[in-house]
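Here is a short report on one protein chain. It goes from the overall fold to individual side-chain pairs.

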Amino acid sequence: MKLLRRFSPSRSEHSVRVRGRAVYHSYSFDLGPGLDIFRVAHTLMVEDMGSVATSPKSNELRVSRSIVGIETALREAESMAKFMDEYYSDQPRLGVLFRQSPWLIIRFFFMYLAQVFSLAGTRSPSAEQVSKDNESELSDEPKRMVVEARDGLQKALVDFHVWGAIRTRTEQSQYSSRYFHTVPYLRVELNRVPYSDGLVGDEVLDVSLMLHRSGICILTLSTAVYTELDAKNIANCMVSEYRKLDRAEISEPIMRRFASGNGRITRALKKADLPTYERLRWVVMRPEADGPVSFDTVFEVYQTAIESVARRPSRSGWKSYTTLSIGAPTCGCHGSGAKDHHRSEFAQLMLRATRPLTLKPETEEDLLENHLKIEDQELWISAGNAMAVSWEQDQPDLADDLHHLIPIESAILQIRQLEQIDRITSDAVVRDKRLFGVQHLFAVGLQEYKRNLLQGPDAENVVEAVLNKNSAPDLYDRLMDRVKVLESIVATRYSRMVARRSIAISASGFIVVLLFLLPRISETITELEGQNQRSRNLIQAADTLLNGRGNLVLAVYVSAIVVAALVLVWMSIRKRIKPVRSRRFGFRLKQPIEVALKQPDESP
């Protein structure tokens, strides 16, 4: 399918042009029920495939191994800065210097001696001035370099934390607290992707992964689109496959897992001469060497890497949902008047039309229905994409866009959960073990469908719109019909299981009665006593221990009853052994950084 390259405006004398803000591609895929989200998140952090991992149930931020290395370097730089301040003070204190760094004292001592000897043979009249100038340079230049290094490391550390926390903090404020009584998902901010294309030039693609306990994963690729967009550029932004890139840089840990997931040898990556920054090495993908590179190409690399970490392939195909955020019109229209002036063009863009179409007025009205109550903002929703419009804004605003993106991705998650259940329950082979697993899947997978979990004024409308546009209610009704059939099958299988268990219990009780009737116990002991001398000695010892034959018979009888009771209890209780899974993921910093969202009524 080729994108629409030309639009024929029917109601306007000029084409639509707007200020771009940002675009979000939400890719969803299914790794299947039983996914250990904590293990996957921990592996991503250990292998430096991400920077920050968070749980919505906690405010703690867990970081990757490379971020721990940045914190270590920052502490060393802070120690060095204190050392330099003390060393070049008027009266340096030796104890303070030793506490900061003993080895630096030795190093600076030899540096000072070398400087003195280099000036010792100078006979110039200005030697004293030269010495003072050199001393000034010795004191100022190292301090400046240390301070710059410290500030750079501190900024990098804070930036990683802020970006890693802003999404989860916004979700914590949007979702009802009852949703986080358990841990429904973990969010991992994966390594960013620097790229360049003909639309925005050099930019960075941020990558955020949601690992849901149902096995559904949503990988969000987001980037700023701060440029003027015409109809052609808007259409290219709406379809991730057609956003062609001139260059994309993927971090080596991601590429290593991607190669491993494809069964390739990764030793070549270790030997390759790759650019290094942010404490990582980077592989550059270019169309001339790797074929066409698009946002879909980047996603497929990340998906394969995640599947390799999870040690399970995707159970069904992936889907992409695009949310494009645009701002004020630049075509000469004013504010929301652009919607009326370019209604046909906007409607065809929402429909992803591949050729100029004349749509019915009711179709245009449906495609351009506003699902927000906010003045000067609109959100148009279709089955595969949405467009968030701020008629008076032109700057990218991630926090504002997240209020639209979170309910959209909540609806995507619900749709994928329904599709997961539909895929598993459509299997024609129904066995007892799988049947009860499917019953559990229904109980867990339908927990979030159409629950009022989001608290925003427009969140429920947005979720409902995305669900309806993707025919989720029809799929849900079909699953409910299947539930009724499964209920009857489960009831039949369960009755049969209970009947078999009752027969087994009755048979075991009957055997116990036959073998251990009280009169038979006494006769059995007497017969055993006459067998041989060893049996006689054993029974006599038991008589002596229990003070008589009667007590021995009673002890054997009570023991038989206890054993029979234990067997009956064991056969009646269905044992459920749950594996103990570690809930640890990522690493803690020695000096944690707290990130909180500013409330609207707080002053800056």
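The sections below cover the fold, the surface, the rings and the charged pairs.

## Basis

This is a predicted model: local features need pLDDT of at least 70, side-chain atom pairs count only at pLDDT 80 or more, and totals for chains, interfaces and linings use all residues. Residues are numbered from 1 along each chain as its sequence is written, and side-chain values use heavy atoms, with hydrogens and water left out.

## Overall fold

The chain holds 20 helices and 13 strands. These are DSSP runs numbered from the N terminus: helices are H or I with at least four residues, strands are E with at least two. Of its 604 residues, 45% are buried. Buried means under 20% relative accessible area, exposed means over 50%, and partly exposed lies in between (1.4 Å probe, protein chains only).

Take the contacts between residues at least 6 apart in sequence: 75% of them join residues at least 24 apart. A contact means heavy atoms within 4.5 Å. Leaving out residues up to four places away in sequence, K339 touches F346, L368, E378, W380 and W391.

## Surface

Accessible areas come from the Shrake-Rupley method with a 1.4 Å probe; for residues, only the protein chains shown count as cover.

L554, V558, V562 and L566 make a nonpolar surface patch with about 360 Å² of accessible area together. Patch residues have over 30% relative accessible area and no salt bridge; like charges are joined within 9 Å, nonpolar side chains (Val, Leu, Ile, Met, Phe, Trp, Tyr) within 5 Å. V562 sits in helix α20 (residues 549–572). This residue is partly exposed, at 44%.

## Aromatic rings

There are 16 aromatic pairs. Rings of Phe, Tyr and Trp (its six-membered ring) pair if their centres lie within 6.5 Å; planes under 30 degrees apart are stacked, over 60 edge-to-face, and the rest tilted. F38 and F585 form a tilted pair, because their planes stand at 50°, with ring centres 6.0 Å apart. The pair links distant parts of the chain: F38 is in helix α1 (residues 37–46), F585 in the segment after α20, 547 residues apart. Both are buried: F38 at 10%, F585 at 6%.

R62 lies over the face of F585, 5.7 Å from the ring centre. R19 lies over the face of Y226, at 5.1 Å. A charge sits over a ring if NZ of Lys or CZ of Arg is within 6 Å of the ring centre and within 35 degrees of the ring normal.

## Salt bridges

The structure has 21 salt bridges. Each is a side-chain nitrogen of Lys or Arg within 4 Å of a carboxyl oxygen of Asp or Glu. R247 pairs with D202, the closest N and O atoms being 3.3 Å apart. This bridge links strand β8 (residues 247–251), which holds R247, with strand β5 (residues 201–212), which holds D202. R247 is buried at 14%, whereas D202 is exposed at 62%.

E252 and R281 form another bridge, at 3.1 Å between the closest N and O atoms. E252 is in helix α7 (residues 252–261) and R281 in strand β10 (residues 280–285). Both are buried. E419 and K319 meet at 2.6 Å, N to O. They are 100 residues apart, in helix α14 (residues 398–425) and strand β11 (residues 319–329) respectively.
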